Amino acid sequence: MIHPKYYQELEKQKQLLERDNHVATDFYNGLFDRYENPVLTREHIPLTWRYDLEQETNPYFMERLGVNAVMNSGAIYFDGAFYLVARIEGADRKSFFGIAKSDNGIDHFRFVGEPILLEDTEKEEVNVYDMRLTKHEDGYIYGVFCSESKDKTTSDLSAAVAAAGIVRTKDMKTWERLPNLVTKRSPQQRNVVLHPEFVDGKYAFYTRPMDDFIDTGSGSGIGFGLCEDITHAVIDEEKMTSLRKYHTITEAKNGAGAVPIKTEKGWIHIAHGVRNTAAGLRYVLYAFVTDLQDPAKVIAEPGGLLLGPRGWERVGDVSNVVFTNGAIVVDRPDHSEQDLYLYYAGSDTRMYVATTTISKLLDYCFHTPADPGRSVECVAQRVELIRKNEALLASEL
């Protein structure tokens, strides 16, 4: 017999799933819109994924397999709908992937099917998370994610080894697991993104070389490398693209985020940057553009952050963090514009969306001044803007 509490909880969840999301009216910067509510939370997880519904075996209707957080979702527009492949962290701290779907990309996301059960090909693997989804020109949709295992060279139980796992699908239902990416010069890899097109006839990856699981060490930023065969992906050499810099938002580390977006002026990248503060690490998002013909060459790098945590986005398991590994671009029906849906996690706890257009994002990337690197030069930059505005205001009087 189904526990009667199930129907009460199901009705509560139905109200959540059917709640409309609206643009937040307390935020404006001319570039993008934020929204009042998160698009995915632990409360969106189907009850059948968490509870034993049988009254006899679960008389108190307790969560048997609890969920702590829903975050860091890959994103793709597929078959006329918006799909998020979310990182779901169980109460046991193990993460897994679940697929949520929405018709409009803003609200009414619902998890569909079952969690993705990966082929158990990496026997040392303990945890998986943060999948990026790339619709590649070879016809497959690839998911690249972090494959984490215990570092057996030390007795420290927090020490881990990170690699890039790879799966692929054509229907968002059946997933083929490929061997993990191998980078010959980097002992560890996280935040790896597959470029959507061949480069010189090869598969191209954006990487994040690391000396160990937490510290980048000698890793100086976001790397770029090529491989011949994605079914046995090996990168011999990584060259650097977006670099870490002292006293900037990327000082501690940075990493690729959403899959690069192709535009007429270049590939737009939305990445994350990390700096140290007295309250711990602060994660924000930033943008840069690389050349259409040479996707490793940065051609525009606006200064400062694109999006930082605010309000409830700052509250959660790992406070003061926003993180993205998914964005979706959709053509308007009249082809007058392309809309961008940027999905980002707040404090490793829940998922949000921000929206803009490709035209606005290109304007931001190419016309926002670069960071000159020193306070005195930053002030001069700002004074120049102020004087220009004062002259304009005076001319209108």
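Predicted model: local features only at pLDDT ≥ 70, side-chain atom pairs only at ≥ 80, totals over all residues.
- Leu10 sits in helix 1, which covers residues 5–17.
- Together with Ile2 and Tyr7, Leu10 makes up a nonpolar patch on the surface.
- The three residues of that patch share about 270 Å² of accessible area.

- Strand 2 spans residues 67–78, and ten of its twelve residues are buried, so the strand is largely enclosed by the rest of the structure.
- As background, side chains in a regular strand alternate between the two faces of the sheet.
- Strand 2 pairs with strand 3 (residues 81–90) in the antiparallel sense, and nine bridges hold the pairing on record.
- One of the contacts to look up is Ala69, whose bridge partner in strand 3 is Glu89.

**Cavities**

- Rolling a probe the size of a water molecule over the atoms shows where empty space is left.
- Here, the structure holds four cavities of 30 Å³ or more.
- The largest cavity has about 80 Å³ of space.
- Its lining consists of 13 residues.
- Nearest the centre of the largest cavity lie Arg19, Pro38, His44, Asp107 and His108.

- Most residues other than glycine have a negative phi, which gives some context for the next two.
- Phe61 is not a glycine, yet its phi is positive, at about 50 degrees.
- You'll find Phe61 in the loop between strand 1 (33–34) and strand 2.
- With 7% relative accessibility, Phe61 counts as buried, because the cut-off for that label is under 20%.
- His335 also has a positive phi, about 60 degrees, without being a glycine.
- The loop holding His335 runs between strand 23 (322–331) and strand 24 (338–346).
- His335 has 64% relative accessibility, so it counts as exposed; that label needs over 50%.
- Side by side, then: Phe61 is buried, whereas His335 is exposed.

How values were computed. Residues numbered from 1 in each chain as written. Heavy atoms only, no water. Patch = residues over 30% accessible without salt bridge, like charges linked within 9 Å, V, L, I, M, F, W, Y side chains within 5 Å. Areas by Shrake-Rupley, 256 points an atom, 1.4 Å probe, with all protein chains shown as cover. Salt bridge = Lys/Arg side-chain N within 4 Å of Asp/Glu carboxyl O. Helix = DSSP H or I, 4+ residues; strand = E, 2+ residues; numbered from the N terminus. Buried < 20%, exposed > 50% of the residue type's maximum accessible area, 1.4 Å probe, protein only. Pairing = 2+ DSSP bridges. 1 Å grid on protein atoms, 1.4 Å probe; cavity = no way out; pocket = protein on both sides within 12 Å on 5 of 7 lines; lining within 4 Å. Points joined across faces, edges and corners; volume = space filled by probe spheres on them.
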